[in-house]
Amino acid sequence: MRVPLLDLSQQYAALAGPMRKEIEEVLASQNFILGPKVAEFEAAIASYCGSPHAIGVSSGTDALLAVFMAMGLGPGDAVLTSDYSFFATGGCIARVGATPVFIDIDPVTCNISPAALERYLTESCRRENGALRTAKGERVRAIVPVHLYGLCCEMDAINEIAQRFELEVIEDAAQALGAEYPAAGVSAKAGTMGAVGTFSFYPSKNLGAAGDAGMIVCREEALAARIRTCRQHGMEPRYYHHFIGGNFRLDEIQAAILGVKLPHLDEWSAARRRVADNYRTEFERLSLIGKITLPAEPFRANGLTNHHIYHQYVIRTERRDPLREHLTRKEIGTAIYYPLGLHEQECFRYLGYKTGDFPEAERAARETLALPIYPELSPEARRYVAESIADFFDQGTAI
Ligand SMILES: Cc1ncc(COP(=O)(O)O)c(C=O)c1O
């Protein structure tokens, strides 16, 4: 049986009619850039997230870049983020000329560890004329927590630390649109707990475009206005440029497609959670708990609906690589998010980190394995995946 990591063909078949109609409308209007479809989709995301402002942009990467540029982060600044994330998080910090500072992860959730964050700020930074500085003298300006795999970071702890150290919080919610967190005991959506949140609509995301697209949500009017201007080369009005921005615009066609899909997002995320529940039942039935570690669900008990949106379903095992080979032989798609901590990426060698600096991220890089998950994944396919994993451990397949 062939089980791909992701298969969106059924989702497309169900929505092909309305999506084509929307595309036709845009083509007929000949209005391709920042038109009514973008405005409508921005309003829909603002309302869905419960955020006063939403700004459509060209990708999740450009969302981060536009925010960092609009906030004036640059040379001499340090920005703290998780060592275990997609490259764009660290890459965009470096692209504006700031210094990325990586922080180790919590081994249970793979999200940034608030304890490690606090340790870094208290043990490695110092106050100088009121400004918090790294050992190398950069001014510590912001924290970028990343809600990895669709599970929110410990935002109460992170926000408390940020407040105490007077740092901005920019949530990289690329993988977590719709995920909820029990902020101060009340449900809050990913992206709305810091000053700004960024999203990606890369096609494989829970809400995916037919190409690249992204979104920024923002609390303050003034910052939202600056990000909007930044999206068009810092231009306001036309051909008058106040600061350097970029072309970070969202296309009408992408916004139109995403607008058709958004009303289905919660049901898709619920279906992904059912797949995760079913995996757990299967793994328990097959006595696999202990041989593999299942994804943590720390907010399930809080009664939140979207306590996890399972953008990815990631298990852990010390025998990850041979298990992956075994599953490949069984025609089961898997992926490793991610094979290296950011501190070990070649392009960040100039930062001076070494192997051993972030033991939990390094261990995660050796142990994590993403299994197939999507709303339409059939019960037979789930069982086949689980039984193939059991097979591997039963046979004690050669390491
Ligand atoms: C955590 C994280 N940040 C940023 C991005 C960048 O988004 P995009 O691919 O839309 O540029 C991604 C995309 O996968 C991501 O997972």
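User: Which of the 14 residues around the ligand come nearest in this predicted model?
Analyst: Gly60, Thr61, Asp172, Ser200 and Lys205 come nearest, out of 14 residues around the ligand. The model is a predicted one.

User: Which atoms of Gly60 and Gln175 lie 2.8 Å from an oxygen atom of the ligand?
Analyst: For Gly60, a polar backbone atom is 2.8 Å from a ligand oxygen. For Gln175, a polar side-chain atom lies 2.8 Å from an oxygen atom of the ligand.

User: Why are helices H2 and H8 called oblique to each other?
Analyst: Their axes come within 8 Å and cross at roughly 40°. Angles under 35 degrees count as roughly parallel and 65 to 115 as roughly perpendicular; H2 and H8 are therefore oblique. The crossing is left-handed.

User: Which residues make the contact of H2 with H8?
Analyst: Pro36, Lys37, Val38 and Phe41 of H2 meet Glu252, Ala255, Ala256, Leu258 and Gly259 of H8. By class, these are 6 nonpolar, 1 polar and 2 charged residues.

User: Why are H10 and H12 also described as oblique?
Analyst: The axes of H10 (residues 320-329) and H12 (residues 379-395) cross at roughly 125°. Roughly perpendicular ends at 115 and roughly antiparallel requires over 145, so H10 and H12 are oblique to each other. Their crossing is right-handed.

Methods. Residues are numbered from 1 along each chain as its sequence is written. This is a predicted model: local features need pLDDT of at least 70, side-chain atom pairs count only at pLDDT 80 or more; totals for chains, interfaces and linings use all residues. Side-chain values use heavy atoms; hydrogens and water are left out. Axes are lines fitted to C-alpha atoms, for helices over the stretch in contact, and angles run from 0 to 180 degrees between N-to-C directions. Helices (H or I, at least four residues) and strands (E, at least two) are DSSP runs, numbered from the N terminus. A crossing is left-handed if the near helix is turned anticlockwise from the far one by less than a right angle, and right-handed if clockwise. A residue is near a molecule or strand if one of its heavy atoms lies within 4 Å of it. A polar contact is a pair of N or O atoms within 3.5 Å; within protein, one must be able to donate a hydrogen and the other to accept it, and residues adjacent in sequence count only if both atoms are side-chain atoms. Contact means heavy atoms within 4.5 Å. Ala, Val, Leu, Ile, Met, Phe, Trp, Tyr, Cys and Pro count as nonpolar, Asp, Glu, Lys and Arg as charged, and the others, Gly among them, as polar.
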